[in-house]
Structures are given as C-alpha cells and as structure tokens.
Amino acid sequence: MLEVSGITQRFGGVTALDDVSFRIGAGTITGIIGPNGAGKTTLFNIVTGIYTPTSGAVHLEGKNVTRQAPERLAAQGMVRTFQNIELFGRMTVLENVMVGLHTKGRSGIIASALRLPWQIAEERRLREEARHWLDFAGISDLADIEAGNLPFGKGRLLEIARAMALQPKVLLMDEPAAGLNSRETLELARLIGKICEAGVTVALVEHDMELVMDICEAIVVLNLGRKLAEGTPREIQENPDVIAAYLGEG
Amino acid sequence: MKSFLRNEAVRFILFSVMILALPALLAGGYLLNVFVFVGIHTLLAVALNLLLGYAGQISLGQAAFFGLGAYASGILTATYGQNPWWVMVAVALTVGLLAFLVGFPILKLKGHYLAMATLGFGIIVYIALNEAVDLTGGPSGLPGIPNLTVGSYVFDSDLKNYYLIWGVTLGAILLSLNLVNSRIGRGLRAIHDSEVAARVMGIRVRLLKVQIFALSAVISSIAGSLYAHTMTFVSPTSFGFNFSVELVTMVIIGGLGSIYGSFLGAALLTLLPEMLRAFQDYDIVVYGFLLIVMTMFMPGGLVRGVPELARRLLARGEKGRADA
C-alpha cells in the first residue's frame, strides 16, 4: 500500500534520515517507534509531502508520489494527524469536519456567493456526512462547540474524525496518544481498531509502547535516522539492537 | 429574541431596513453626503475583510484597486465617452484579472513580507496615476466624469447616490455572508488558523488565496467606479498609501472576520473626522488617541467589544441597584 524506499533527508549538515526503506501492507496497523530524534516526524512530513526528501521515493499503491504537494496527496488518500493537534480553533467541531470534506465539494466562489440550488444541496450533503464522522469518533454531542474550547482528548478525537472525512487510503497518525490519560488511550485504541476495520491502512508514530505492542501488527524501529529493525511486536521486543537503543547504549 | 437575531437572514433584513430608512432621519442634510461615503467605505472594507479577516492575508495595496477602478471608469467615460455601466463591469473584471496575476507570485509571501509586497504594488499604481498625465490628468486630477444614468434618470443627488451605492453595498454584504458560510469560507478560515493543516485537508491554499485576493480587487474596483461617477472628479491623493492603511484600520477596528464589523469600522472612521471638527487643529490627535484606546480595550473590534461593554455596564448597574 505504502512503500518508502531509500529516503534520505539532510538539513544543512544534519542527516535526519539516512536511507530508510520499508513497506506497509494494505489494511494493517504499523507502528513507527524510536527514541527522540530518531526522525519519525521527519519521515511523516516527507511521506505527506510537507518536506521534499534529499533522495529516495515514496509510492502509494504502486504510484510514485514523491515531491507531490500535501494538498494533492490528501486528495489521493494520504492523510495525517499532527502531534500537537492542528484544529481550526475558531470553527465549530462540525465545521472542522466539513473542512475535511473540502475535496468532496465542488462549489466555488460564484456558486457559494449566489447560493445556487445545487450548492445548497451540496452543503446539506456535506453537513450530513460530517455528522456521520463525528458519530464515528463518538463526539456528535460536541458538534456545535468551538473547536478551540475542546479539552485535549476530545480535540484528538476531532482531528481523527476530520482526517477520516477525507476517506483516506492511508492514515498517518503522529503520536495520537500523547497527552491522553489511560481511559482516553483505551478509547483511542478502540477507535484505531475501528478505522482499520473500515479498510484504512494505519501508520502511527507513538511513544506509548503498551499501545503500540497492543494494536500494531508490524513495527518499524528508527534510531538516529536509520532503520534499526522491522518485524512483529514479539520480534521487536526480543531484538537486542532495539533493547540496546532504548536503554541508551551506543 | 436572541435566537431570532442570530438568524442570518433576519439580521440581514433588519440591517437593510435600517440602512434604507436612514435618509428619512437625516432629512437630506450634510450627513446624508457623509453616509454616501460610509457606503463606499463599507464596500471596500467588506472586500478587504474577506482577505484579511477570513483568509488572514494582509493587503496594504487595496487603495490601488479602488483607484484603478475609479480612474479606468473616469477615463473611459469622460475622455472616450463609453457607456459607464459596461465600463464598470469590464474594468472590474480586468482589475480582478490583474490582481490574479499580481497575487499569484506575491501571495506566496507571508506576514510582513506580504505587507511589503502589496504596499509596493500600491505605490506603483499611485505613481502611475500621478505620472501618466496625458491619460489621468496627473496630480491635478481628472474632471468631468459623468453621473450614472438609467434611461433619462440621472444619479445626480446625494439621495439618489445613497440608494445606488447602498444597493450595491447591501448586495455585496449578502453575497459575502453567503460566501463566508460556505465551503469556500471554511477553506479561508482554515488557511487563517493553520495553513499546513489546511493543505493536509486537500485545500489548494495558494489558489484559494489568489482567488479571494482577486475577488476583493473586483469589489474594490466597483467601489472605485461608483466613487468616480458620484464625485464626477478623481485625483490621485484619494488612492494613496494613507487610504490603504485607513481601510485596514476600518477592518480591524470594526472586527476581523465580521462582515457587519466592516460596516461599523467604516462608519466610525468616516463619521469620526466629521464629528471631531469641533477640536479644530487638534482633531487628528483626538482621532489617533481614540483609535489607540479602542484597539487596547476592544481587541476583537467594535462588533464584539460594544456588546461586551454593554453587558458589563448592565451587570454593574444591576449590582449597584442590589447594593442600594
């Protein structure tokens, strides 16, 4: 589904990623882990088109999508969430999800300003669809609240609902459990399971090992910009290199 | 009552009725003339608010689009005797196209740099209006622009121009309200809050910014044409850097991201200099002082600050009564 091959990213003299390759199978949940500074977020930024890699390629469903702009990648089903949730704070929860439906609407400036009949129908359709995704994430009761006023945990759920509205093929989640308490993390794990059941391939960067070992079928370990290991949770837990990296040995 | 007022259609109708009834209260005096200008300024402020208040992109060159509309209408009707109505439309579309071409490279810039680039554009246009003497009449201005007419009906009085200009402005307000509450409006507000998140949602940020920049130029150009035909005379000083800054001030004082706020800001900044005449030579000092105080105590603009102030005063009044 998603294939990353030979990705290298240099910022000035610093090599953030060095020849990283792996593939993520369709319909799986893959965890990308590693100590701080391993290059996990950089990798996400490259895969979603926010950074252009120094070298290497990204393929989505066999199609080369390297160097494509984020907005084009999003339209092709490559969608992400952010470590520090990036909500549209002055819009309501429902409107946030409707922004996620942007690519599903057709009405432009003229149709919108004139409220042409088909534009009104489209708005109604988008609103109903947005409600569906709020329901999916279990936050329909918050629809009319301004997103900036949401507690952090609910904000996380909203960000996921908004990402799902794009009906992604691949959903990349950057530390979805960061800042969540244990009950919220449990809720999140259930939601990620539901996303996978809906046929979406999930990749997540995460520090919460319990969550990763629990829900991921495959794990990629990065350390200091290189791929250290790849395998099932059991293989990773027993891998001496991984243990050494996490215990802080050279 | 409150939920009644929250209904967008009801608010627009109430606002329109108020505007349409205003001349009866002003009884054709000098203030009616001032309110003709409030109408033009509201139109310009609404156009800028779409860009600045909703999409979060600054433009210090709005006066240039206003000036291009005014001069192009003036020259084509006064010098070349063309029909002012189709000139107005053709000029607005041309100015919109120009804004699209100018906007494409410069809207890549952000914040201060975008301010500088739009400022530069404004200055270029201002210099051109001054220097192209053969065409524009240079610093001494362009006289003899005809009033607008429909058949044998001539828009030659303050009252007629009031209804003409406010008709257009109310129309622009209605269309803008529709726009900001649509897919496009949500896209604009998304860009304002987080450009990277907007892109990840599949919004073509650059294109949308340029489109809204062009739209604001089209509206400003129409305002310029109306201004030229109302005044029958234009000179470059009306379209300089000062006026661009004044428009930004109207939008901020009125309330960023509020269409009715643009009316409040435009009304205040147009009426205030008239009311401050009593201070004679010190009027500009008082004007500056009032603007500073308002920005300090009403950072959300008049549209949010005035109800807040009223609420506080009411609460204090009730507390006073309870204490007594």
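The following dialogue explains how several features of this predicted model may be read.

Reader: What does the corresponding comparison give for chain B?

Author: A compact globule of 324 residues would have a radius of gyration near 20 Å, and the 20 Å of chain B agrees with this. The C-alpha trace of chain B spans about 75 × 55 × 40 Å along its principal axes. Of its 324 residues, 47% count as buried.

Reader: How many of the contacts join residues at least 24 apart in sequence?

Author: The share is taken among contacts between residues at least 6 apart in sequence. In chain A, 67% of these join residues at least 24 apart; in chain B the share is 75%.

Reader: How do the strands of a sheet pair?

Author: Strands of a sheet pair through backbone hydrogen bonds, either parallel or antiparallel. In chain A, one open sheet has 4 strands in the order E2-E1-E4-E5, with antiparallel pairing. Its edge strands are E2 (14–24) and E5 (63–64) of chain A, each of which pairs on one side only. Strand E1 (residues 2–11) of chain A is joined to E2(A) by 7 bridges, and the two run antiparallel. Within E2(A), Ile24(A) is the residue that stands opposite Leu2(A).

Reader: Which helix lies across this sheet of chain A?

Author: Helix H1 (residues 40–47) of chain A lies across E1, E2 and E4 (55–60) of that chain. The direction of H1(A) is at about 115° to E1(A).

Reader: In what order do the strands of the 6-stranded open sheet of chain A stand?

Author: The order is E6-E7-E8-E3-E9-E10, and the pairing is mixed. Strands E6 (78–81) and E10 (226–231) of chain A stand at the edges with a single partner strand each, so one side of each is left without a neighbour in the sheet. Neighbouring strands are turned by 20° against each other on average, direction ignored. Strand E9 (residues 218–223) of chain A pairs with E10(A) in the antiparallel sense over 5 bridges, and Val220(A) stands opposite Glu230(A) in E10(A). Helix H7 (residues 182–197) of chain A packs on this sheet, where H7(A) touches E3 (29–33), E7 (170–174) and E8 (201–205) of chain A. The direction of H7(A) makes about 145° with that of E8(A).

Reader: Why do residues three or four places apart in an α-helix point the same way?

Author: An α-helix has 3.6 residues a turn, so residues at that spacing point the same way. The crossing of H5(B) with H11(B) is right-handed. The residues in this contact include Met88(B), Val91(B), Ala92(B) and Val95(B) of H5(B), and Phe213(B), Ala214(B), Ala217(B) and Val218(B) of H11(B). The contact divides into 14 nonpolar residues, 5 polar and no charged.

Reader: Where do the two chains touch?

Author: The size of an interface is often given as the accessible area lost when the parts come together. On the chain B side, the elements giving two or more residues are H8 (158–180), H9 (183–193), H10 (195–200) and H11 (205–231). H9(B) gives the most, with 7 residues. The residues of this side divide into 11 nonpolar, 6 polar and 6 charged.

Reader: Is H9(B) largely enclosed or exposed?

Author: H9(B) is largely enclosed by the rest of the structure, because 10 of its 11 residues are buried. Among the buried residues are Arg183(B), Arg186(B) and Arg189(B), as well as Ile184(B) and Leu188(B). The buried residues of H9(B) pack against H3 (93–100) and H4 (109–114) of chain A, together with H3 (30–54), H8, H10 and H11 of chain B.

Terms used
Residues numbered from 1 in each chain as written. Chains lettered and ligands numbered in written order. Predicted model: local features only at pLDDT ≥ 70, side-chain atom pairs only at ≥ 80, totals over all residues. Nonpolar A, V, L, I, M, F, W, Y, C, P; charged D, E, K, R; others polar. Contact = placed C-beta atoms within 7 Å. Pairing = 2+ DSSP bridges. Axes fitted to C-alpha atoms, helices over the stretch in contact; angles between N-to-C directions. Rg over C-alpha atoms; globule rule 2.2 N^0.38 Å. Buried ≥ 20, exposed ≤ 12 C-beta atoms within 10 Å, placed from the backbone. Left-handed = near helix turned anticlockwise from the far one by under 90°.
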